[in-house]
Amino acid sequence: LGLYGTRWTTAVLATLRGVRGEWNPAVPVRASSAEERGPGQARFGRHAPGGRPLRRAASARAPPDARHRRRTDQKKKMNVYRVYPSASRPTEMLFVAFNQDSGCFACGTDSGFRIYNVDPFKETFKRNFNNGIGIVEMLFRCNLLALVGGGNSPRYPPNKVMIWDDHQNRCVGELSFRSDVRAVKLRRDRVVVVLATKVYVYRFSDLKLLDQIDTQPNPRGLVALCPHPKHNVLACPGVTRGHARVELYDARKSTVVAAHESDLARLALSGDGSLLATASDKGTLIRVFDSHSGAQLREFRRGVDRALVYSIVFCPETKYLACSSDKGTVHVFNLKSEGGRVVAPNASSNRLAPYVEDHAS
């Protein structure tokens, strides 16, 4: 038995040299067929532990039904460990973000990226690189994407932004930096790259640098870019704590907004870039400002307890503002309400019903 155990271990180790992935001895499975066992995997066959072949007299051969039952019983007693290749492991999610019109969203994983349609919900396509993608930024529904490597085995260096053409199945542009990229935003004529204390703005057609903005330390990669073709507006943290900076490139004007006393946690622009919503790391208040003048227009209370705000988003018609947090809740605020009061849950759902019905049709 000891000799056979040594042979079995040697066979498994030899198999591991030719199979990509790790051996997971904590998950026992049954090897019910040659296809399930895979090529070269050790298993108990017609040889006894001593290494001698098992012979059976022809007269003692059992009927087919009996042999099938005997093999089934033997399989139930077997305890064989599967060698799991990397492709069969659970995929680790590294990044999720909607495109500019929220009709699709992209997922970066430890093996590539995937694109999903929202309505109807379905996977549109995926690319398997066998390496991680930490940021996937779509440009509406076209074939161009911005990719940044991520995970334990990144596809690209985390300090590079790769412009990926999915029709050509290759990178057609590259931006390199001295530090890791925190976020990337696209519109049809701009590429915005966020670093720890800098925001760079490039022209999409030739990747020429147009602007660079100094910010407070920005580990979350906070930035908002208006996708509207007639309104070129960008918002990011300012150089002062709790302040936001709004760049109105069409009007060649910059606006500094004193949004909060503590650090910014999230910020968002409305669809036309006219409104800016912010939340601090306290997560109790959501404030809405006029992006041109910097004046505060609304203040909504998300809650009393401290919370980490995950996201803020305007609806396309700028009637409602929603935010989510680590409290497991989503708050929806009516931007047309008097005095910036929080709309009651029942009233909020009633007012949202026509909007949901219109967009679902």
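## Cysteines

Cys226 is buried, at 0% relative accessible area. Buried means under 20% relative accessible area, exposed means over 50%, and partly exposed lies in between, with a 1.4 Å probe and protein chains only. Cys107 is also buried, at 4% relative accessibility. The structure holds zero disulfides, a disulfide being a pair of cysteine sulfur atoms within 2.5 Å.

## Basis of the model

This is a predicted model, in which local features need pLDDT of at least 70 and side-chain atom pairs count only at pLDDT 80 or more, while totals for chains, interfaces and linings use all residues. Residues are numbered from 1 along each chain as its sequence is written, and side-chain values use heavy atoms, leaving out hydrogens and water.

## The sheet E19 to E22

Four strands form an open, antiparallel sheet in the order E19-E20-E21-E22. Its edge strands are E19 (264-269) and E22 (296-301), each pairing on one side only. From one strand to the next, the twist averages 20°. Axes here are lines fitted to C-alpha atoms, for helices over the stretch in contact, and angles run from 0 to 180 degrees between N-to-C directions. Strands (E, at least two residues) and helices (H or I, at least four) are DSSP runs numbered from the N terminus. Two strands pair if DSSP finds at least two bridges between them.

Strand E21 (residues 285-290) pairs with E22 in the antiparallel sense over five bridges. Phe289 stands opposite Gln296 in E22.

Arg287 sits in strand E21. Its relative accessibility is 17%, so Arg287 counts as buried. The Arg287 side chain reaches the backbone oxygen of Ala259 at 2.7 Å. A polar contact is a pair of N or O atoms within 3.5 Å; within protein, one must be able to donate a hydrogen and the other to accept it, and residues adjacent in sequence count only if both atoms are side-chain atoms. Beyond its neighbours within four places in sequence, Arg287 is in contact with residues including Ala259, His260, Gln296 and Glu299. Contact means heavy atoms within 4.5 Å.

Ser293 lies in the loop between E21 and E22. At 51% relative accessibility, Ser293 counts as exposed. Its side chain reaches the backbone nitrogen of Ala295 at 3.3 Å.

## Two hairpins

Val246 in E17 stands opposite Ala235. E16 (residues 233-237) and E17 (residues 243-248) pair in the antiparallel sense over five bridges. Their hairpin has five residues between the strands, and Gly242 takes a positive phi near 80°.

E17 also pairs with E18 (residues 253-258), antiparallel over six bridges. Leu248 has Lys253 in E18 as its bridge partner. This hairpin has four residues between the strands, and Arg252 takes a positive phi near 50°.

## Aromatic pairs

The whole structure contains 11 aromatic pairs. Rings of Phe, Tyr and Trp (its six-membered ring) pair if their centres lie within 6.5 Å; planes under 30 degrees apart count as stacked, over 60 as edge-to-face and the rest as tilted. The rings of Phe113 and Phe125 are edge-to-face, with centres 6.1 Å apart and planes at 85°. Phe113 is in strand E5 (residues 112-117) and Phe125 in strand E6 (residues 122-128), 12 residues apart. Phe113 is buried at 1%, whereas Phe125 is partly exposed at 23%.

Phe177 and Tyr202 are also edge-to-face, with centres 6.3 Å apart and planes at 70°. Phe177 lies in the loop between E10 (170-176) and E11 (183-187) and Tyr202 in E13 (residues 198-203), so the pair ties together parts 25 residues apart in sequence. Both Phe177 and Tyr202 are buried. Phe98, Phe105, Tyr116 and Phe121 form one aromatic cluster.
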